[in-house]
Structures are given as structure tokens and as C-alpha cells.
Amino acid sequence: MSYHFNEIEKKWQNYWADNQTFKAENNSDKPKYYVLDMFPYPSGAGLHVGHPLGYIASDIYARYKRHKGFNVLHPQGYDSFGLPAEQYAIQTGLHPKITTEINIDGCLSNENKILEKYVNEDGSIKNEALIDKNIPVNIKDDNYQDNIIKGYRKQLDKIGFSFDWSREVRTSNPEYYKWTQWIFIQLFESWYNNDSNKAEPIETLISKFASEGNTKVNAVCDDAIAEFSAEDWNGFSSEQQQEILLKYRLTYLAETEVNWCPALGTVLANDEIVNGVSERGGHPVIRKKMTQWSMRISAYAERLLQGLDTIDWTDSLKESQRNWIGKSVGASVTFNVNMTSEMLKHVQHDLSEPHSELVSESHPYKIEVFTTRPDTIYGVSFMTLAPEHELVSKITTEAQKADVDAYIEATAKRSERDRMADVKTISGAFTGAYAEHPFTKEPIPIWIGDYVLAGYGTGAVMSVPCGDQRDYDFAKHFDIPIPNIFEGVDISEEAFSDKEKTVIANSDFLNGMNYKKATKRAIYELEQLGQGEGKTNYRLRDAVFSRQRYWGEPFPVYYVNGMPQMIEQKHLPIVLPEVEKYLPTEEGEPPLGRADVWAWDTKNNKVVSNELIDHEHVFPLELNTMPGWAGSSWYFFRYMEEAANRGEAFASEDALNYWENVDLYIGGSEHATGHLLYSRFWVKFMKDRGFVNVEEPFKKLINQGMILGTSAFVYYIFYSIIDQNTKEVLVNKKSVFISRESYDRIHSEGNKTNLASDIVKPYIEKSLLNKINKKELHLMTPFSNSHVDVSFVNASDELDIEAFKNWRLEFKDAEFELEDGVYKVGREVEKMSKSKYNVVNPDAICEQYGADSLRLYEMFLGPLEQAKPWNTAGITGVHGFLKKLWKLYVGDNGLNVSDTEPSKDSLKTLHKTIKKVEEDIENFSFNTSVSTFMIAVNELTAQKCTSKAILEPLLILISPYAPHIAEELWSRLGHTESISTAAFPKFEEKHLVESSKNYPISFNGKMRFTLELPLDMTKEDIEKTVMAHEKTIAQLDGREPKKVIVVPGKIVNIVG
RNA sequence: GCUCAAGUGGCGGAAUUGGUAGACGCGCUGGAUUCAAAAUCCAGUUUCUUCGGAAGUGUGGGUUCGAUUCCCACCUUGAGUACCA
């Protein structure tokens, strides 16, 4: 009986589903283990072989942990809010909810519920599923996807994962996002107390305000909050109080400068922008002021940084987060601006406006800077403000006004991207104003320059040209003096920025000090003057939380007199309203502005028609929705609760206490500064407020590497023949396919030779050719290459020419330059993508080789964390292994397994396999355990092993990797329970003990021959035996050895 | 520019408390089986070689009895990040 993987795999997949084999229990005596994959966004394109890589690895680990006696939680779900469904909805009017369902559940067959619900038999979408009934949508048409949508779930099921699907989550499901809304409310109802170093309920802040005002409150809050006393507070109107509280809440509404992407019509977070353009689509991004919800993640900067030391993540990932948080320690220094009479006029005007922090009567204008080098304060020779700095317009003198205005205008025109790309050009303008040095009281010219960023620090720097290269370049360019304050350092060519080697000079009280001492002293002196203090700055900015999109969580927020109000928890979820179109409104409001029923009735506590808005009982609801990372920042807690018990809370206390956090998290490294940072932030917040009891969500994290595609290329010359007199085209773009070598030669030789013509000529009709040779006709031979679908190419890179011609009609009549009767394609490794025709579909692999082969091969390709190219040809190796494995157990006449005593050799094979596989899994070195299995099966086959005592444990070892074949053979061995319940075999050292060792005998470190010697032989005896050996004598060739190194049990090395 | 990771046969890759480089698989070559093909099985496959051997893990140097492994410099590739004061 041979190995019928299709039947076997189907059988066991059904068995696992029917018996809920992998359902996790919340009550168990076993220790818990939580293995999680980053949940996928269900795109219509479906899976390619790169997607399941991480899932296979985590599945192997989960199955292994079950064998090791753990109660394993291994769930899966969908991050189902997001842009692609909405973009598609904009084009077609098909509700994103429906696309999402189809993408997950598929619309393949008539048995499928989704099909009946939304899709007609011919593939057209039922009218009631469409918003705009005038747009015909066909699910089987190319504009949608590849004709048919299998659905993520079906594709995943085929691979045989041990997911507990009973706990599935979908972030777009109202029962789920109810709790995303709830967490949002909790953030709103909290503030960050720096004294207790945690988030606290807003009530504790209110009572502080009521009893002592805000002067003693040490909170993370907006800058520029005026001081008030308890009396003041109690005297404020309710609206004034709310306005103040908003400056303290962990999620707050603020007019912020945001990254606005006009093409997408939405705001983007910093991590959604790559090289100044949107990560999705590559559209330009501009800065724009908007009122937005923000998350005060900056409150957690230090804890997010410290927490990294407590978790088992890769160094590179931790480093990314550290960079993103961007902690720098230094000082803030205040420089007073030397006042002119022009400025004094401004001051009088400003003083009439309340709460302006930069202006007070004693020090009219001040510039606050942040520096990491307060020790170099005597080296300051100018100051630079960002062009956007608010003081610029106030301090610029009449004489410089034209220059400054022109410069500001010029920089405003440059996009963020230009400014980033062009670092070399130095530009700036002098304001005409001077600041006063805090110690020397010398005047310091104030410049503006776009190398100073408005968004970092205070948007102003004290420029120390001798110690900072950018300041140095600026000073050189504008001919500003560069005083040297370093002892024994030449600064005629470049700035000196080595902190460690710094010795300060020409700096009064700092002279002779090193960096550390001078920094401390400078801060002390600044504090004495009241013009500075030690300060730590973070690059991490508060995260904008509003998106002008439809397909996201609605905010549980309505507005009374412009002040946001939270809807009570018991009325959640606030369900996404229906709209007629998914575009922004004509007035530029988000898509929710199109909803007719989108107002909050405070009397009846429900969403009602906008017509009822009276601003007394019925108020407008928030029109923005939450960003993609909202739902993914806490989903790992939702899985902890069994589906049946989900209701009263996002997860019960018992469930949270039992599962704690994720033990192993596997996913892509692209989430380093997005999802992985926001999740940590939310978890820390939830811990502070007592909703969960862990500080970090993911204890161990592994990034799987990308699987790349191996693209195939064809190379061709497409020639045309033109009559030069009549301009008649006799042959138009006829193709001759050439080898890569010919192509490369033509490419490198250019037009210097007639190579291309020479290649083409044999394919041209005689009569035409003669005329070409006589120059009566003109032959044009442009050449090119293009991708060819990898499915037309076999393992030896040979192209299926017929299939190719049918695929690309323009090449129907093409000629092929053949070698040995075949055309060989060129290969190149690239990202897997449809446009490169190198996508390999896991379903096709499962069909042809089976899921077990796919699983083994994905692991066998190389180390999990490394990027590696996919090459379908290689899968025959692991497939052949599975066949051999099958043959080891099942012969032509049935089972080959008996109760015979195992041989010594077989025991040795088994135990060294147990040892290696266990080590490999613990180290996530899955590729090497696949070869270990191959070696084991090869050895046992050679040993003709039939012993159950060997073959039974071997199946358990293999079952995490190839669960279907393992289950089948296990049941054939007479077991009635799933192999997943079997205990992992125990390694016994005694079977590996050897009595002799095949010693490598090396000369000067080079191994020349080996010698079998007993392991209990003494060092001296080994040396004697080796030296007496004929090969040794021959090797030495009469020379006297200088030294003989004998490492018993390892090696012998003879020097000489 | 900075940070991190990595450079090993035709290809994917294996080997690190420093101790037999190239496991395992693909591909390739030859053979068996077959009317033939597929499948399967067997043998070979780093390079050079006077068939005794010799060289060899990006390059150059160093430490060591011994280096793919440790140290220094450089080159190349990939990833991240970028005027962060």
C-alpha cells in the first residue's frame, strides 16, 4: 500500500475538526503555554507559500509543547478592519463587511453559506449586498481577484494547523470592537501620574484639583497648562474643567500637526510613512493641522524602553524600538532674547493673550533649547530656530524681514521628502535678533535653518560649531565664528564630537573637565541661574488615533458644545453606521459624515437619525474611526476567553490570570515600531488600571524571514523590417527568444556589433533577407526581457513553450533559439508578487505533494528567521522522505511493525534523533530537524528496523512537523487516540555510549587520516599508537615532530 | 552617514564552550529496472592533481598546536533608520 497523502490529510483534518482535538481548556492541571501568530489581514489575494511559514513554525512548537505535557493555547483570527476592503468598496459599492466575509470564508461552492447570501451562481453579487446598485460587480471577474476566492480559512485548513478555531476573533465584529471601544473609554478616563509612575482613574486627578489645584500635580500632560488653585478649579465652569482635563487624559482631542495623505484622504501615523510617502500606495504626505484624537503614548516612553530588557526578543527588534523611542539625556537651557523696541511692541500685544508661556514680564522673550551637550555651552556662537518656530515672526528685525520671509516661504514649499533627501545643501537666514549667553552675557546671533526640525525637542538649538558637524557646516557656510573649546583638538577641518575624549577649555569654570564632569557642573550652574535643568528627551511622539475612513471602529463619542463625551459602557457597541458611499463628503468630512443615522440620543441611549439633533438631548457622533492598530493592540487577551463565556468583559479575570501573556509570538519584523509598540503601550496601561496583570504582552518573539520568489525570465529580440523608401513596415515586432547568454552579450556590446541582427537573420525569409543585406530594407532589432509565469518552467529551468505561447498571445508566432531542443529561462530571486509571476500557491502544493510535504519543505528551506528563496523543484526531496517513512511502516502486505527487540543500532538512531530534534525545536532550528528525520529514516531503513519500540516514538517526534502521516501511522499501530496526546519520547544517554572513537589525526591542524581507537585509552598510549602508525611516518617523511597534542575523545594534532 | 545581520560547492543550506568543512536535500553525471516514460533503486558529484597528494569557508592580517567559529582592518550584500541637537 502506498502513501495516499490526499486521503490521509483530508481524513485527519476532518477528525481534528470533529473531535475538537486542539481546543484549549481554561481549567487544567497542566502548565499553560500560549503560542500566537500575528493574525492576518484577510486580503482577497489569498495566501502564497510565504504566508504560512510562521504559522507552520508556531504550529510545530504548539504541537511539541502538547507532547511535552503543556496545556497549549494556539488560536487564530483576523485583523479584518483595513484599507483594501474599503478601497474596493469605493470602486464597487460592495460593502467592506461582505468582501471581508468572502475573503475569509470564500465563495467557492454552493454549499457555502456566503455564496448564497451575497453571490449569485454566475458569480455576480446580489443587488442587496451592494450599496450602489448601479455598479455591476462580479466576484469571478478579474477586477476583483483571481476569479474565485477560496477564502483564508479554507486555505489555512488545508495545511493542517492545530488552531483552536473556537476562539477565533475578527476585529471588525461588533462583539469584538465593543471592547476596543471600551478600552478607548478607559484611556479617556485615565491620566498618568508621574509620582506613582502609572495611569490612574481621572477621578483621582479631579479630586486633587478640587483640593489643591494643579501646582503639585506631577502628570504627563500637554505643555502650556496654566497653573490654578483649588479655588480656581472649583470656580471654573464645567466646560472649562473639561477643557483642562482633556490636557491630562491618556487619549485626548487636540489640534495637532498631522501627516495628511491627500490621495488616501486620511491621516497617517509616523510608522505608516516610509521615505516621506505613504507605506500603502506610496502617495505623498503633507503636514496639516487637524483636530484629532491622540494617544499619550509618550507617558510610557521610559517604561516601554525599560521593559525591553525583560523580554526575549531579537536584539535588532529591540534596537528598532529603542531608536523609535529615541531617548536622549541632556539639559534644557533657556536663552533670553535681547529685546529691541520692535519686539517690545509685540510683547504688549502678546500679554493681552492669556496662557502664553513664552512671554512673561520679567523675561519678555526666551528661547528654550534641548541639548545633549550642556558641557559645550561656552562654544555656542549662534542659535538656530526651525523656520516654523513661533518666535521667528516676533523677533525678526525690519532689516532682515524680507530675507527671513523669503526663506520661510522657500522651505514651506519643499516637501518633507525633499528636505529629508537633500541633507547636503545648507540654507538658512539671519533674523537680526540676538540672544544672551547665560554665563558670558555675550550677544548670540539668532538664525533660522531647516536643519532644525520643528517637530523634535523645542524646535530650537544652541549651535556649537566646534562640537557638532551640522552646526559646523552651517557656521562655515555663513561665515559665523567657530570658537574652539576643546583642549588639544584641531577643528580647522571638522567638528570634534567625541564625548569620551573631550577635555573642555576656554570655558571658565568648566576648564579641564571631561564630558561627564562638565555636563554635571554646567547643569548645576544653569539651575543656579534658573536658566536650565537636566532633562531627558524622547523622540517618541503621541500617536494620532483618528482616521478619516469608513472601515474601522467607530468612536463611542458624541459632542456637546464641541466637548467630547463618552458613551456609557452598557450601551456599547456603537455599531458602524451604513453609508451610501465610502468617500469623504463634499465638505471634506470623513465618510461617516454621510451617515443619516449617526446621532446620540442621551435620553433613550441609542443611535438615532441626524434629523433629531437638537443639542439638548440628541448630539452628533464622532465622524472619525480608529486606526488599524486599535483592534490588534489587545486581541491576544480576547483569545484567552472561551467563546461561550465571552460577554461580561473582554476576558474574564480567571482566564486572564490563567493564560497571563503570550509565551511565544511569531510574526513579521515589519511590525517592529507599529503593532509591537502600541500593544506594549496598551498592555502597560491596562496593567496600571488593573484590567490585566501582566506588564508585557509577548514574552518571546520570533520574526520569520520572508520567503522570496524565484522569478523566471525570457529574453527576446523583437525585430521589425521597414522599407526605407516607402516607410512601409513589412515585418512588425516579431520575436525571437534568445538565451540569457546572448541577451547579456547584446546588452554589454550595445550597438558596437551586429550580434542581434546576426541572431535574427536565420529566421527571416530569404527574399527579405537579401534586400536587407543589400540595404534596401532596414532591420530593427530592439531587445528586451520579461517575467514569465513560473508554472511554465520545470525544475531544470526549461520553458514549456506551448503553454507560454498560449499565455502571451503577442508571442504566438515567436521563434525560439533552442539549446539541445529546449529553451532555458533565466532566474532571479525577488519578492513574491503577482506582477512578477512568481507566486506559488500553497493549495497547489498541497494538492500535488500534500500538506505534510509543504510543512516539511517550508521548514527545510533554511533558518526560520532568514529570508530565503522558494524553489518548488526542491520539494521532491521532502516528499520522497515521506514516502520512505511510509514504506518503513507499511509494506506491500500490510504493516511492517512488530514487537521484536530493537537492535542496538536502531536504539542509537532513535535516541540521537530524540536528542537532536528536541534541541532543534527548543532553538527554533526547524530546518535541521528535518534533515535529522531524513537521516533517521535512512538509517532505520538500512537497518531493516521493524521494532515498535523504535518506530512508535519516532512517529511522535515527526508528528509536529508532519501531523497527518503521523496520525495515520499511529492509528495503524493500533492507537485509538490522537497522536497529539502522546508524551514526547524520553532521551536516554546510555544508548549513545561508545567504546571507541574514530580519531582524526591531523598534521599542523589539517586532518590527514582517521584511526579507530578505544575511548578508555590513555593520552600516552594514544600518542604512542599514533606515532607508530605507518601513515604517520609517511606523513612526517623523516621530520621530527615538535609537539603532539592529544585531546582524548576528540582529536590528535601533530606539529612539525 | 549610522545601527544591526550576513558572506561556505551549480543551488537551498549544515557544522561555533575553537577540534574530521560541505551533513541533509535539490540539481547534475553514470548505471539498474522498463517496449518506453514516470516512479523507484544503486554509484558519483568543492577545486586542482603527476592519483602519492595538495589547496579550500568574501579579502588582508592577528591570536592558537589547531580558526567557517575569536580579534583587527577592508570589500560586498541585505534589513532598519536617518539633519534627533
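Mentor: Let us begin with accessibility, bearing in mind that this is a predicted model. A residue counts as buried under 20% relative accessible area and as exposed over 50%, with partly exposed in between. I1051 has a relative accessible area of 33%, so I1051 is partly exposed.

Trainee: In which strand is I1051 found?

Mentor: I1051 belongs to strand β38, which covers residues 1051–1055. Together with I1045 and V1047, I1051 makes a nonpolar surface patch of about 190 Å².

Trainee: What percentage of the residues of chain A count as buried?

Mentor: Chain A has 1056 residues, and 53% of them count as buried. The chain exposes about 48700 Å², and carbon and sulfur atoms supply 48% of that area.

Trainee: How many helices and strands does chain A have?

Mentor: There are 35 helices and 38 strands in chain A. The C-alpha trace spans about 100 × 95 × 90 Å along its principal axes.

Trainee: How should I read the packing of two helices? What is the angle between the axes of α29 and α33?

Mentor: One considers how far apart the axes are and the angle at which they cross. Helix α29 (residues 875–889) and helix α33 (residues 963–972) have axes that come within 11 Å and cross at roughly 5°. Angles under 35 degrees count as roughly parallel, and α29 and α33 are therefore roughly parallel to each other. On the side of α29, the contact is made by L882, L885, W886 and Y889, while α33 contributes I965, E968, L969 and R972.

Trainee: What is the general idea behind a salt bridge, and how many does the structure hold?

Mentor: Side chains of opposite charge can pair when their charged atoms come close. The structure holds 38 salt bridges. One of them is between E918 and K68, with the closest N and O atoms 2.6 Å apart. This pair links distant parts of the chain, 850 residues apart: E918 is in helix α30 (residues 904–922), and K68 is in the loop between α2 (52–67) and β2 (71–73). K68 has a relative accessible area of 31%, so K68 is partly exposed.

Trainee: In the salt bridge between D468 and R470, is D468 buried or exposed?

Mentor: D468 is buried, because its relative accessible area is 19%. R470, by contrast, counts as exposed at 52% relative accessibility. The closest N and O atoms of D468 and R470 are 2.7 Å apart.

Trainee: What is the N to O distance in the salt bridge of E988 and K990?

Mentor: The side chains of E988 and K990 meet at 3.6 Å, N to O. E988 is partly exposed with a relative accessible area of 34%, whereas K990 is exposed at 59%. Elsewhere, salt bridges that share partners join R303, R680, K684, K687, D688, E695 and E696 into one network.

Technical notes
Residues numbered from 1 in each chain as written. Chains lettered and ligands numbered in written order. Predicted model: local features only at pLDDT ≥ 70, side-chain atom pairs only at ≥ 80, totals over all residues. Heavy atoms only, no water. Patch = residues over 30% accessible without salt bridge, like charges linked within 9 Å, V, L, I, M, F, W, Y side chains within 5 Å. Areas by Shrake-Rupley, 256 points an atom, 1.4 Å probe, with all protein chains shown as cover. Salt bridge = Lys/Arg side-chain N within 4 Å of Asp/Glu carboxyl O. Helix = DSSP H or I, 4+ residues; strand = E, 2+ residues; numbered from the N terminus. Buried < 20%, exposed > 50% of the residue type's maximum accessible area, 1.4 Å probe, protein only. Axes fitted to C-alpha atoms, helices over the stretch in contact; angles between N-to-C directions. Parallel < 35°, antiparallel > 145°, perpendicular 65-115°, else oblique. Contact = heavy atoms within 4.5 Å.
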